[in-house]
Amino acid sequence: MSEYKIHALVCSGTGCRASESDMVVENLKTEIAKQGLSDFAQVVKTGCFGFCEKGPIVKLIPDNTFYTQVKPADAREIVEEHIVKGRKVERLLYTDPDSKEAVNDSKSMNFYKKQIRIALRNCGVINPENIDEYIARDGYEALGKVLSEMTPEGAIKIIMDSGLRGRGGGGFPTGLKWEITRKEVNEQKYVVCNADEGDPGAFMDRSILEGDPHTVLEAMAINGYCTGASKGLIYIRAEYPLAIERLKIAIEQAREYGLLGERILGSNFNFDVELRYGAGAFVCGEETALIHSMEGLRGEPTLKPPFPSVEGYLKKPTNVNNVETYANIPVIFNKGAAWFASIGTEKSKGTKVFALAGKVNNVGLIEVPMGITLREVIFEIGGGIKDGKKFKAVQTGGPSGGCLVEKDLDTPIDYDNLIAAGSMMGSGGMIIMDEDDCMVDVAKFFLDFTVEESCGKCAPCRVGNKRLYELLNKITDGKGEKADIDRLINLGSVIKDTSLCGLGQTSPNPVLSTIKNFRNEYDAHVLDKKCPAGVCKSLMVYEIVEENCVGCTACARACPVGAISGERKEVHKIDPTLCIKCGACEERCKFNAVIVK
Amino acid sequence: MSRIKVELKKEQIDKIKTICQSFNNNGGELINVLHKVQGTFGYLPAEIQEVVAQELNEPIAKVYGVVTFYSFFTMLPKGKHPISICTGTACYVRGAEKVLDELKKELKIKVGETTSDGKFSISCLRCVGACGLAPVLMVGNKTYGRVAPEMVKDILKEYEAM
């Protein structure tokens, strides 16, 4: 970076941009210019800091001052106070929720203390639209080293030694995948970056592409050299316009610098990257479906083998890796396989990025070493459950994963432990649920998703999931019978065993794991016709507490179906046969006289 | 799916042809072509699909198959201000359903429909990745975060005069 004394880093990821961080950038620039400090302080638009809960984030370096929830109108004060007078703007500092003290240095925030940032190393640090900033942080050094000093076999050996496994969810050893593609003999091979992040609630790939697009390009070029491919394709969701824009800029800049194109860095290696857009189909995250989609077809999976490494895009050998996997590659070459392998557990090396969301205090993106416990993630980094409620469950692995409960909180997180606990790593979504969430309804939500996203090719997934959904619907409607729970378990197991691709093989997981961990809730729905969390509408009964009712008639006037009767100044009554459970009466009552049972 | 009859003008057909040519009339680029065409026309009625199929020398059935497979493509026109509500897991857990109910009540349409004056349409999407702001709602390209049901009326008001 140049000779500026102060750098104001402003997050311009999707989350913070939705809260006007662009205006914050503009205003900071204007104020700095007004003070005549344009040579002294610089405003940098960066990628995601991960602390999305309190966005927009502005971080001032060198002293790591971390301002949260900055509004465009705050720019003036930041410039006049902090940049001109060197005084921190106390009211914008992050306050530690436990000690209630303002945190002066972001390094001492609980949110960051336990994190190790490898894949996210540049997110929130550099301007993603400027290749020079990436290069200044050792960018493209790994590519240079590999091209000038290593054979493809030698480079693949380093990846194998590092123990890196696929971060898209499967956990297949990355080095081995590369080696299989390398061994295939063919005049044309492809490397593909899977950026079809379809798991609702996971946004790590988007953040990496928005915050550090060059790391993916560099890793793909290394992958191309190792496997003998001259062409790279990035399959990205059309729902991520900002990531697409930043990738386009990055590709253009890399070509200009001769880091993509012909004879890269003076070697004999040619490699270029193109974008392919998804169009909203979850199943396209499955690699064979993704390849068909890139060919312009419906994104339906096909039976493996043949694996894409042997027969993939346009029937040529194709190596598919996920965004986060790629983001680890350059660091492994720069810092060595042994360094990478020293982080994590015996069988899962390195770090994993998780997207914390749901009922947790610090929603955001975190990167932690494998082997950390769920308790550390949720309660230390995540800051515990919102509004002081009680933790109930955490869904890992997205719609294909399962829910984990209190007793699983001390399990070290890695690929194998999560599977043993009845869930999976998946792409790294972590949705936290509290006592107000009904687990039957949660399972129904995920099934609704799978039914919608099933491609329809194989019957177990197409028909089976629909049946599972209908059974869950029956239960939440209060029409469930005891045998339905066994039906769910049987059918779920059959779908898992007989579906064609990963989507169907995992789709019953949310149902099976909630039955395993919350059998009592299912029983309450089926046997007692009650929803303990008070979520399932059909099972709720609205009643008026006689002692509290003053007969103000507010509820009766609010009721859209005329289910409430009673004269002025007399106790009112709700007719359960007319009530549509809209909750309008409860909202309107000022005397806590309407309760839900 | 209800069917809308569309008569394409010559310049519209030419526009589709130009888009196809920009992808060398290559059938493998079908999805990219459809993205471009939908970006231009707003939706993909059968008549447009016929032209695309012809230009790329692909069966109409294949084009139709692709259009209906991917949720991003639509055969019905959207409202002037298309409203998308995120129904991803994070938004669901934080009450997206209630916001959606309020929207449906206010606009008197269902998901996938357009108001009779053509102003608003509602669709659901899966995760825009702004989970920190859940629940999230988008009107056109503008994102609204932490939306409570009570805010829906005010948000709609911003667009009513437009």
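At what angle do the axes of helix 3 of chain B and helix 4 of chain B cross, and within what distance do they come? That was my opening question for this notebook, and I kept in mind that the model is a predicted one.

**Entry 1: two helices in chain B**

I looked up helix 3 of chain B, residues 46–56, against helix 4 of chain B, and found that the axes come within 8 Å and cross at roughly 125°. That angle makes helix 3 of chain B oblique to helix 4 of chain B. I also checked the handedness: helix 3 of chain B passes helix 4 of chain B in a right-handed crossing. On the helix 3 side, the contact is made by Gln49(B), Glu50(B), Val52(B) and Ala53(B). Helix 4 of chain B brings Ile60(B), Val63(B), Tyr64(B) and Val67(B). I sorted the residues of this contact by class and got 6 nonpolar, 1 polar and 1 charged.

**Entry 2: chain B as a whole**

Chain B has 7 helices and 4 strands. Read from the N terminus on, the elements go α-α-α-α-β-α-α-β-β-β-α. I noted the extent of the C-alpha trace of chain B along its principal axes as about 50 × 30 × 25 Å. The domain assignment divides chain B into domain 1 (10–69) and domain 2 (81–160). The C-alpha centres of these two domains of chain B lie 30 Å apart.

**Entry 3: where chain B meets chain A**

How many residues does each chain bring to the contact? I found 31 from chain B and 35 from chain A. I then asked which helices of chain B take part: helix 2 (30–41), helix 4 (60–69) and helix 5 (89–93) each supply at least two residues of the side that touches chain A. That side of chain B divides into 17 nonpolar, 12 polar and 2 charged residues.

**Entry 4: domains of chain A**

For chain A the assignment gives five entries to write down: domain 1 (6–108), domain 2 (131–340), domain 3 (351–434), domain 4 (439–526) and domain 5 (541–596). I looked at the pair formed by domain 1 and domain 2 of chain A, and their C-alpha centres are separated by 34 Å. Here 5 residues of domain 1 of chain A are in contact with 6 residues of domain 2 of chain A. The domain 1 side of this contact holds 1 nonpolar residue, 4 polar ones and no charged ones.

**Entry 5: a helix pair in chain A**

Helix 7 (residues 152–162) and helix 8 (residues 174–183) of chain A pack at an angle of about 155°, and their axes are 7 Å apart. Angles over 145 degrees count as roughly antiparallel, so helix 7 of chain A and helix 8 of chain A are roughly antiparallel to each other. The crossing of helix 7 of chain A past helix 8 of chain A is left-handed. I listed the contact residues: helix 7 of chain A gives Pro152(A), Ile156(A), Ile159(A) and Met160(A). From helix 8 of chain A come Thr174(A), Gly175(A), Leu176(A), Trp178(A), Glu179(A) and Arg182(A). By class, the residues of this contact divide into 6 nonpolar, 2 polar and 2 charged.

**Entry 6: the parallel sheet**

I traced an open sheet of 4 strands in chain A, in the order 7-6-5-8, with parallel pairing. Strand 7 (272–277) and strand 8 (318–322) of chain A are the edge strands, each pairing on one side only. The twist from one strand to the next averages 25°. Between strand 5 (residues 190–195) and strand 8 of chain A I found 5 bridges, and the two strands run parallel. One pairing I noted by name: Asn194(A) has Asn322(A) in strand 8 of chain A as its bridge partner.

**Entry 7: the mixed sheet**

Last, I followed an open sheet of 5 strands in chain A, ordered 10-9-13-11-12, with mixed pairing. Why is one side of strand 10 and of strand 12 of chain A left without a neighbour in the sheet? Strand 10 (364–369) and strand 12 (402–405) of chain A stand at the edges with a single partner strand each, so one side of each stays without a neighbour. Neighbouring strands of this sheet are turned by 30° against each other on average, direction ignored. Strand 11 (residues 391–396) of chain A is joined to strand 12 of chain A by 4 bridges, and these strands run antiparallel. Ala393(A) stands opposite Val405(A) of strand 12 of chain A.

Conventions:
Residues numbered from 1 in each chain as written. Chains lettered and ligands numbered in written order. Predicted model: local features only at pLDDT ≥ 70, side-chain atom pairs only at ≥ 80, totals over all residues. Domains from an automatic or database assignment. Pairing = 2+ DSSP bridges. Axes fitted to C-alpha atoms, helices over the stretch in contact; angles between N-to-C directions. Contact = placed C-beta atoms within 7 Å. Nonpolar A, V, L, I, M, F, W, Y, C, P; charged D, E, K, R; others polar. Parallel < 35°, antiparallel > 145°, perpendicular 65-115°, else oblique. Left-handed = near helix turned anticlockwise from the far one by under 90°.
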